Amino acid sequence: MRNKIVAGNWKMNTTYDEGENLIKGIIEKKSTVKSDVTLIVAPPFTHLCCFAEPLQKAGVGISAQNCANHEKGAYTGEISAAMLASIDVQYCIIGHSERREYYGETNDILLEKVKLALKYNLTPIFCIGEKLSEREAGKQFEVVKTQLQTVVSQLSAVDFAKIIIAYEPVWAIGTGKTATSAQAQEVHAYIRTVLKETFGAAADNTSILYGGSCNPATAPELFSQPDIDGGLIGGASLKADDFIAVASAF
Ligand code: PEP
């Protein structure tokens, strides 16, 4: 019923040539991944235009890592949702914890980004998750609820049906400290409950991905949980073998 998705967030990694080798490796090995698993890669902006065609021919989705919260105009250095759509980008990661933390992206800004992405037919991969201090204070449920209610719950039912959620506990990102499958499942189930409060049974169709040091060793148990529909993968998406091994964990 829900789409199984494994998305690779390359962050600010790979020169153009390195990125080209990486997508070649992913495309070559893709046949070993079950056909009902959607693979998506999110390279840096500079690579998107040239990678869109080979990835789409191979049946791999292409995502940006961010987009502007304005439609167009005098915003030096920004990339709009319309620009991404014009080069056949299909998805856009929005609200990654690194954007929230280092670039001051608030829930209000993220709502603008999500709405613009949807306006231009990009599928948002909307990231939420608590920091270590919030987990230690037992506030993980409160934090994700606020992140959902201020952004996702503001969408129409039609737009909600298009969105992908990624739960990424900040303490697990790039730290090598994966959440246990029980910890992740508990929050994923809670996220679905919060979404049901606004959107009812439609929330049963929402793919909720886990992110945070997910790798070939930890993916099988995580992906076997009832509310975990795949992964948003950072470090392990930079090696074709590891990315494909994670995607083969279903
Ligand atoms: C991420 O940044 O989205 C992520 C999950 O990173 P990592 O897998 O490296 O923890």
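Analyst: Helices here are DSSP runs of H or I with at least four residues, strands are runs of E with at least two, and both are numbered from the N terminus. By that rule the chain has 11 helices and 8 strands. Please keep in mind that this is a predicted model, in which local features need pLDDT of at least 70 and side-chain atom pairs count only at pLDDT 80 or more, while totals for chains, interfaces and linings use all residues. Residues are numbered from 1 along each chain as its sequence is written, and side-chain values use heavy atoms, with hydrogens and water left out.

User: Thanks! How do you know where Thr106 sits?

Analyst: Thr106 belongs to the loop that joins α4 (97-102) to α5 (107-119). Glu105 is placed in that loop between α4 and α5 as well.

User: What makes Thr106 buried, partly exposed or exposed?

Analyst: Relative accessible area decides, with a 1.4 Å probe and protein chains only: under 20% is buried, over 50% is exposed, and partly exposed is in between. Thr106 has 40%, so it is partly exposed.

User: And what makes Glu105 buried or exposed?

Analyst: Glu105 has a relative accessible area of 8%, so it counts as buried. With contact meaning heavy atoms within 4.5 Å, Glu105 touches Asn66, Arg99, Arg100, Leu110 and Lys113, leaving aside residues up to four places away in sequence. Asn66 can also be related to Thr106: 40 residues separate the two in sequence, and their C-alpha atoms are 14 Å apart.

User: Why is Lys72 called exposed?

Analyst: Its relative accessibility is 71%, and exposed means over 50%, so Lys72 qualifies. Lys72 lies in the loop between β3 (61-64) and α3 (81-86). From Lys72 to Ala82, 10 residues along the chain, the C-alpha distance is 8.4 Å.

User: Which residues have a positive phi without being glycine?

Analyst: Two examples are Thr14, with phi of about 85 degrees, and Asn121, with phi near 65 degrees. Thr14 is in the loop between β1 (4-9) and α1 (16-29), and its 22% relative accessibility makes it partly exposed. Asn121 is in the loop between α5 and β5 (123-128), where its 64% makes it exposed.

User: How do you know whether the chain agrees with a compact globule?

Analyst: The radius of gyration is taken over C-alpha atoms, and the globule rule is 2.2 Å times the number of residues to the power 0.38. For 250 residues a compact globule would come near 18 Å, and the chain has 17 Å, which agrees. Along the principal axes, the C-alpha atoms fill a box of roughly 45 × 45 × 35 Å. Among contacts with a separation of 6 or more, 73% join residues 24 or more positions apart.

User: What makes a set of residues a nonpolar core?

Analyst: The members must be buried Ala, Val, Leu, Ile, Met, Phe, Trp, Tyr or Cys, joined through side-chain atoms within 4.5 Å. The largest such core has 66 residues, and Val6, Phe126, Ile191 and Phe223 have the most contacts inside it. Apart from it lies another core of 12 residues, including Ile5, Tyr91, Ile164 and Leu232.

User: Which residues does Phe223 touch?

Analyst: Beyond residues up to four places away in sequence, Phe223 touches Val6, Cys214, Ile228, Gly230, Gly231, Val246, Ala249 and Phe250.
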